Amino acid sequence: MKEHLSRRKFIKLAAAAGGATIGGFDLSARSWVTQAQVQTPSFQSVPKLDGALLFDEASRRAIAVDRGNLFHRIPAAVLRPGSVQDVITMVQYANQHALKIAIKGQGHSVYGQTQAEAGIVIDSSTLSTVYPPTTESVDAQFGALWADVATATLPKGLTPRVFPATCMALTVGGTLSVGGLGNTSHLYGAQVDNVTELEVVTGDGRLVTCSPAHESELFNMVLAGLGQCGIIVRARIPLIPAPSHVLLHHLLYTDLDKYLGDQLRIARDGRFQSQRGVMSRNQAGQWSFTMEVGQFFSPPAEPNLAALESGLQF
Amino acid sequence: MTYQEYLYRFEARNATQPINRPSLYIVMWIPASATKDYLAHIFALSPEKARLPQTNGVETFSCFPLNTRRFMCPLFKVPTEEQAFSVSLFRSVDPGYDAALSAVLASNRALLAKMTEVGGKRYTPNSMVLSQEEWQVHFGSDVWQRLSKAKQKYDPNSVLSPEPAMFGDHQRSSDA
């Protein structure tokens with residue numbers, strides 16, 4: 001890591017950052033953007049960090065890619081934080097030098113939300129610790145994957161109420177910043193409804209612990225808050241006993257009214273712990289509708305599917 | 001299957017998904033009473049226009065119910081009806097195919113406008129790029145004022161998350 005960078009060298013980097021921005025598609029203006037907005041950040045006095053601040057073009061280009069492949073805004077630098085203090089230091093530095101900061105986890109967003117043109121992108125993957133769970137909850141850093149949370153809690157017979165619906169390789173900080181829907185959300189709401197405490201680095205560079213009882217407005221404005229007020233660096237996720245098994249059943253419908261009616265009915269009465277649904281069109285152009293329902297259980301208990309499916313019209 | 005197998009049951013499929021395609025995902029919550037009519041707009045799209053993910057020629061999108069009262073966070077907006085359907089369209093086009101990209105953009109815009117008309121709400125990470133006015137409509141005036149006040153208080157210099165540019169402080173270059 002370079003602690004000092006000459007003004008001249010910096011300007012060169014900023015120019016490279018701006019000039020390298022590939023014409024991204026501006027979805028709000030519905031036009032191709034050819035002229036990058038070049039800011040003039042200043043890295044001449046980068047503070048001491050535990051991690052690394054990268055300026056090389058390969059790192060800056062690599063971080064400007066997400067699942068959307070629509071925008072590629074190249075930052076001036078990439079921070080791979082070695083500590084939460086690095087995040088605080090960089091946010092304070094950005095305030096002093098009029099820089100923008102974005103956070104990138106696994107990059108599953110599609111509209112460039114984790115990018116900061118000519119700014120700094122913090123790669124959360126270097127802060128991914130999941131702390132040993134208690135019987136009540138588990139604490140995870142923002143770069144931890146939900147798969148890491150599962151690895152820490154399942155051997156103890158514990159689980160969060162809501163895991164991501166179809167991908168375990170999403171970060172805790174990422175889904176809590178947008179909402180996080182799972183296959184148990186009909187019972188428990190979104191992942192943001194299942195958090196009891198957060199540690200947040202605010203936009204003005206303060207580390208604040210917040211919860212529904214303490215600094216509650218920050219807590220409320222950070223959950224599903226799209227990173228506008230603060231960076232979630234640690235989350236406390238409540239745990240419940242984990243089932244050992246799941247009986248999954250796929251119920252096929254060709255009648256849309258019956259499908260929608262049954263979906264609403266079982267969501268209302270909550271008879272299945274897991275519930276989702278997929279609409280499919282075959283090559284003949286015919287639509288069919290598949291309800292996937294799951295019953296959680298732990299042997300020797302066995303679910304009675306016939307009873308659970310009584311009254312359904314599949 | 002074990003609970004562990006259940007949690008990871010989509011990972012093998014995820015590993016085979018191409019990651020280089022321009023992708024214009026939209027995810028919406030449609031009030032239950034409006035869902036059947038709303039879905040007709042999606043069913044009416046030909047495969048060429050829908051550009052949904054396909055497996056062996058079968059196109060798919062997910063559609064399952066939400067009990068809206070379960071969602072308590074002020075920034076996670078849901079319809080006012082007690083039940084809604086989550087409708088997720090994971091549309092994508094071939095790289096470099098600008099005409100298709102523009103067509104899907106227009107189609108997404110139309111579907112999102114219809115969503116708003118029927119009292120639906122968007123899942124914010126997958127809802128296209130919004131103007132400040134669209135963000136205000138999405139959150140409603142009370143929540144918007146609350147969020148604006150919080151932004152001013154906690155991020156007074158607008159350092160964090162320049163995208164999405166919901167507060168209009170990020171000058172976006174455009175030759176529109």
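This is a predicted model: local features need pLDDT of at least 70, side-chain atom pairs count only at pLDDT 80 or more; totals for chains, interfaces and linings use all residues.
Let me begin with an open sheet in chain A, which has 4 strands in the order β3-β4-β6-β5 with mixed pairing, where helices (H or I, at least four residues) and strands (E, at least two) are DSSP runs numbered from the N terminus, and two strands pair if DSSP finds at least two bridges between them. Its edge strands, each pairing on one side only, are β3 (52-54) and β5 (101-104) of chain A, and from one strand to the next the twist averages 25°, with axes being lines fitted to C-alpha atoms, for helices over the stretch in contact, and angles running from 0 to 180 degrees between N-to-C directions.

Residues are numbered from 1 along each chain as its sequence is written, and chains are lettered from A and ligands numbered from 1 in the order in which they are written.

As background, strands of a sheet pair through backbone hydrogen bonds, either parallel or antiparallel. Here β3(A) runs antiparallel to strand β4 (residues 77-80) of chain A, and 3 bridges join them; Ala52(A) stands opposite Arg80(A), and Leu54(A) stands opposite Val78(A). On the pairing of β4(A) with β6(A), the sense is parallel, again over 3 bridges, and Ala77(A) has Ile120(A) in β6(A) as its bridge partner.

Is β4(A) covered on one face or on both? Both faces are covered, with Ala77(A) and Leu79(A) buried on one side and Val78(A) and Arg80(A) buried on the other. By buried I mean that 20 or more other C-beta atoms lie within 10 Å of the residue's own, with exposed meaning 12 or fewer and partly exposed in between, the C-beta atoms being placed from the backbone.

Now to the helix on this sheet. Helix α3 (residues 84-97) of chain A packs on the sheet and touches β4, β5 and β6 (120-123) of chain A, and its direction makes about 170° with that of β6(A); contact here means that the C-beta atoms of two residues, placed from the backbone, lie within 7 Å. With 14 residues, α3(A) reaches 20 Å from its first C-alpha to its last, close to the 20 Å expected at 1.5 Å a residue, where the expected span is 1.5 Å times one less than the number of residues. Its buried residues are Asp86(A), Val87(A), Thr89(A), Met90(A), Val91(A), Tyr93(A) and Ala94(A). Just after the helix, Ala98(A) takes a positive phi of about 55°.

Strand β9 (residues 197-202) of chain A holds Glu199(A), which counts as partly exposed because it has 19 C-beta neighbours inside 10 Å. Not counting residues up to four places away in sequence, Glu199(A) touches Leu207(A), Thr209(A), Val233(A) and Arg234(A), and its C-alpha atom is separated by 6.0 Å from that of Ile232(A), 33 residues apart along the chain.

Stepping back to the whole of chain A, the secondary structure comes to 9 helices and 14 strands, and buried residues make up 50% of its 314 residues. An automatic or database domain assignment, which is where the domain bounds come from, divides chain A into domain 1 (7-125), domain 2 (137-241) and domain 3 (245-308). The centres of domain 2 and domain 3 of chain A, taken over C-alpha atoms, are separated by 28 Å, and their contact takes 5 residues from domain 2 and 6 residues from domain 3.

Finally, which chain does chain A touch, and with how many residues? The contact takes 87 residues from chain A and 69 residues from chain B. On the chain A side, those residues divide into 42 nonpolar, 34 polar and 11 charged, counting Ala, Val, Leu, Ile, Met, Phe, Trp, Tyr, Cys and Pro as nonpolar, Asp, Glu, Lys and Arg as charged, and the others, Gly among them, as polar. Strand pairing also crosses between the chains, in that strand β13 (residues 274-281) of chain A and strand β3 (residues 58-67) of chain B pair in the antiparallel sense over 4 bridges, with Val278(A) opposite Ser62(B).
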